[in-house]
Each structure stands twice: as C-alpha cells, then as structure tokens.
Amino acid sequence: MDDNRGLSAPVTLPTARIEQREDVAFSSEFGDVYHPASGALAQARHVFLAGNELPRRWAGRESFTVLETGFGLGLNFLATWQAWRDDPARCARLHFVSVEGTPVAREALAAALARFEGLAPLARALLQAYPPPLAGFHRVHFDGGRVALTLLLGDAREALTQFVGRADALYLDGFAPARNASIWTPEVIRELARIARPGATLASWTVAGGVRSALADAGFRVDKRPGLPPKREMLAGYRDGTESTASSRTGRTALVVGGGLAGTLVAGQLAARDWGVVVADTRPAPSSAEVGLVRPIVNLRDALNAQASRSAFLYALQHYRALQHDGFHLQWSRCGVLQLAAGEDEAARFEAIVRTQGYPASVLQFVDAQGARELARREVRGAGWWFPSGAVVTPVSLALATAARAGERLARRWNGRVERLERTGGTWRAWNEAGELMGEAPVVVVANAADAARLVPEARLRLARVRGQVTYVPPDPARRMEIVVSGSGYVAPLPQGGHCIGATYQHDDADERVRAHDHRENLERAETMLPGFTHGLVPRELAGWAGLRTTVPDRLPVIGLSSLEGLAFATGLGSRGLLWGPLGAELVASELSDEPLPLPRDLAGAVSPRRFLS
C-alpha cells in the first residue's frame, strides 16, 4: 500500500547548478552561460535598458512595469534598479516582474554577485530579501517600497498564464532557444503579448528566426539592431498600439472603513503609493492580544489556503523586517514556531507531508520527540513541525508603525460606527449613526470585520464572529521558553517576559469580558502540549484579553475588489491576521492602483469577495 496517497507534489523547485568558468557563470543543466564574456552588466545596459529606451520611457510616470523571462543571477534587475536610482526623472514606482523555473540558491547567488563590486549595496539588499525556491509568486520591496520585485517561480507558461498585470517593457532573456526551448515557445510569447500594454517595448539578445516569427505572429513589430560585441545583432520591438503615459502622482484618495489591523495595513500600503487615506472607526486604536503568531498553513493536499499562505508568510516576514529596518518601532521576533502533532498518527502524517512536499529546511522541518524537546528546552508531548522563521508580532506596535510610516497621508476619524455607505456621482460617502459625514472618496475599502456584511449586503459575504480569549502568564524562570509551541492552542513568549496562552474558539458568543473559565480552558490545552508548564497557576488570578474574530466558511480571507465600482474588502482574516494582513493589503493596493498583483490569478480569485456571488 502507498503510504503517501493523497499527498501533493513537491512545492520546492530544483535549484540551478552553476560553474564558474573564468569570468562567466555557466549552467550545467542547460549547457549555456548566464551572461556573455564581454560583461553581464554591459549586456543588461546595452540590450535590455537601451533596447527598451530606458530610462527615458519611465520618466515622470506614476508606475512602470518591466517583465523579464529568466531571472538568472538577477543582474538585469540590479542594473535596472541602479538606473532607476540614478535617474532624477524616474517613475514614482518601479515594478520588476521576472519568471524563473530553475532559481539559483541563495548561497550560489551570493557567490556569483560578489564579482560585481559596483552593485554591492543593491546585491546585499537583494540577497537579504531573496525568497527560498518555493513554487509560486514572491514579492519583495526595496527603497521604502518604491521598487517592487515579483518573482514568478515555476514553469514560464503556467506562471505567465496566472499573472495579472500589464507590462510596459519586456526583457526576453533566459538561455539560448536551442538550450531552453520552453521559455521561447509561441505559447509563452502569446502570454507576453497578452500582458504587454499597447505600445510596450521589448528587447532580447537573440535574433533566432523562430523567436522573431513567434513575436510577429503575436502582434509585436521587431527589428534587428547592433548587438553587444561579439554578437553582431540584437532584437528590439514594440507591441502594436499607442502607449499611454498619462498618470498623476497626486489626487488619489481612499476611505477605509475600519481601523483594526486589516484596515490599518491597507491604509499603509495605499499611503506608500502616495494615496491620501482617511480611516473611519469608533476607537483610536485596534484592540488585540499582546502578541500573535505568523506561520504558514500546511496541509495534506497542499490546498489553496496552503498555497496562498506561503506567499503571505514570506511577504509578511519581509514586510515586518522592512518596517524595523526603516526605523519604525515594531515589536516582533522570528523566534520560530513548533507545532506539535496530536498523536502518533498525526506525527506520521506530518512527517510524510514534509518528506513528499519537499519544503526547504528554512521554512519547515519535521522533528521527532527528542528534537522537539531540544527546541523547546523542556518536556513536550511528542513530535511535530518546526517553522524556523515563524514569528510573534505585537499587533498594536504594528498598527503604530504602519501609521507612522504613512505620515500625513493618513488621517483618522473616530466619531462613531459607520452606519451606511452610499455612492453618488462617482464618490463613496460614509455616515455614522448621528447622520454625520465621516469621510468621502472615489474609492472605499471596507475593513470593519464581520460588520462588512451588514454594511454591504449586496456583496453576500458569509462572515461569522468567533469569540477568542488569551491568557497572560507572568514571568517565571521555571517556565522560560523562547520559542512558540502550538498544536492544541499555543504558548508564545511576550516581549516584556512571561507568556501568552491561547486561544479559545467560541461561536455564538459575543461576550468580550475576560473569564476565569476560559483561562482554565487555555491552561488545560497548554498542559497537554507542555506537561508541567502550568503548575501553580490559578485561573482567576491571571490577566488576559478577549475579542471577536471574523471567520469565513472556506477559511480564506475576503480580500480584493468587489463587483461594486470603487469598493474593495479586507476582512475575514480570522485568527491569522498577522499572516494574511500584509499581503492582503498589498493585493488591495495593487488592484486599486492598477499595478501587477502579488498573487497568481487563481489564488487572488480564491480570496476575492466576488467568490460569494457565484
């Protein structure tokens, strides 16, 4: 009998095998070089930048998107980023989207980029944010969010089919068509034509006849130009149509209903794009537990929620790291999360999932009971999953840091609950119970938790309120534990010492008072995971927090544009707001700003509020 029935395929891509041959990086798989002997940066600047008339074409633009086939060593990205930095007339935001089927491992990439001293600061930033080789879409930001790199890791045709966005310039790179035919097929080129805006340009170092014919058939006009020696020729062209360069860097405004975590994060991502944002809610600060967990979802069939959570997890980590790096006070720690199996059967399933799905050790490992004890440094109930990069975050500090980064672009109105929304003449208006106008804008983002269903009934959202209570345990040397242990609830370290134990999960209970009975329930679950951990604790003597979470039957958040013009949602994050929140905010801001989406089409559709209308 096959013990792996029902398990999904590996989620990790094979990484490239690179040999250094004199001054050239060589691919063993494809039998070709990553860059010409005459110089990788010279090729990037002569073929791809000059071939696409950059930086001239991005001058004064709000946003400009480059789409590349074949990320390789990232040299085209680094050269483009450097040119953007050096250009005083640069676009406000640069998107660089690149497809890669055989990514270079971080260590090999660091060794290859070490040879390019002129790019050292940019290369260090890239290496710090470079994702593990997990299949899917990965977005990272640089220069305070003004430069976004989106890596589409996987088969080129499949990835491009899933890509939602338009490109202003195309870099057709990758290994030679004779060596890597799959990236030059007519199917791939037709996808590039779909993505290219009217008037978009393209450039490539290859002038192969098959490539030229496929481009012409797809609607591109191409011609040969002088190449970078020793190549005599290169290819340049454009997509039929008139290029639209009209865009404004000012005047975009949005109203966000709900000042909790979801609404604050959306407001922050819009403000990062120079939107003016008004947040309307009943209280000046979000109510939340002192800490929350950040770890991806893993399951047997690698379902949609697991796939989306990988991108969300990696994005959240780099978002929190960037806030801290930029000097905003965020309380968080990548302490690691240990998820214990409930028994031997579940432990066997945990082990099989890790083995067959092939997660990188930096993301997920299976540990036996002894390994789990060593990680926790105390007795635990058995084996489990270890998420080395799992983190804890203080939600209130995240809200404050987000608002501080947004600065004057973010305004807050705390004059009551939004009672109704109405749209007239292209403007959304929000009114409170007293009939007072709380805000108006062409765009509204509804992020007021379960109340979103009442406020916009035509969206037919299926939202529920679930009560949750956490328990705070004071510091005690006998209970010292620096990692998070989860499984039957969780035990997480608090920034000031002690631990947070959570959380209860109670439907049809709107009581937000802290109850001794629920403390007892939390302690009992913690004791099943960590025998002896709760010894001496008296439930009625402990502090805690209680609140309501918004859940969805399919366990996916509700994020994105609705069917109503100018209205988006960000709700239904459940108990995973710190996981879904940052990427969800980026998704909403990208849709509203007509920028490339950070998720594949299928996954963006899976979290879309429009799914309730089908």
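Author: Two strands count as paired if DSSP finds at least two bridges between them. Strands (E, at least two residues) and helices (H or I, at least four) are DSSP runs, numbered from the N terminus. The model is predicted, and local features need pLDDT of at least 70, side-chain atom pairs count only at pLDDT 80 or more, and totals for chains, interfaces and linings use all residues. Residues are numbered from 1 along each chain as its sequence is written, and side-chain values use heavy atoms, with hydrogens and water left out.

The sheet is open and has 3 strands in the order β14-β19-β15, with antiparallel pairing. Its edge strands are β14 (292–294) and β15 (332–333), each of which pairs on one side only. In general, the strands of a sheet pair through backbone hydrogen bonds, either parallel or antiparallel. Between β14 and β19 (residues 391–393), which run antiparallel, there are 3 bridges. Gly-292 is placed opposite Val-393 of β19.

Next come the cis peptide bonds. One joins Leu-54 and Pro-55, with omega about 15°. Pro-55 belongs to the loop between α1 (40–49) and β4 (63–69). Another cis bond runs from Gly-502 to Ala-503, where omega is near -20°. Ala-503 is in the loop between β28 (499–502) and β29 (506–507).

Positive phi values also occur in residues other than glycine. Arg-377 has phi near 60° and sits in the loop between α11 (369–376) and β18 (384–387). Arg-377 counts as exposed because its relative accessibility is 68%; buried means under 20% relative accessible area, exposed over 50%, and partly exposed in between (1.4 Å probe, protein chains only). Ala-449, which is not a glycine either, has a phi of about 55°. The loop that holds Ala-449 lies between β24 (443–446) and α13 (452–455). With a relative accessible area of 35%, Ala-449 is partly exposed.

Pro-531 is partly exposed, at 39% relative accessible area. Contact means heavy atoms within 4.5 Å. Setting aside neighbours within four places in sequence, Pro-531 is in contact with Glu-379, Val-380 and Arg-381.
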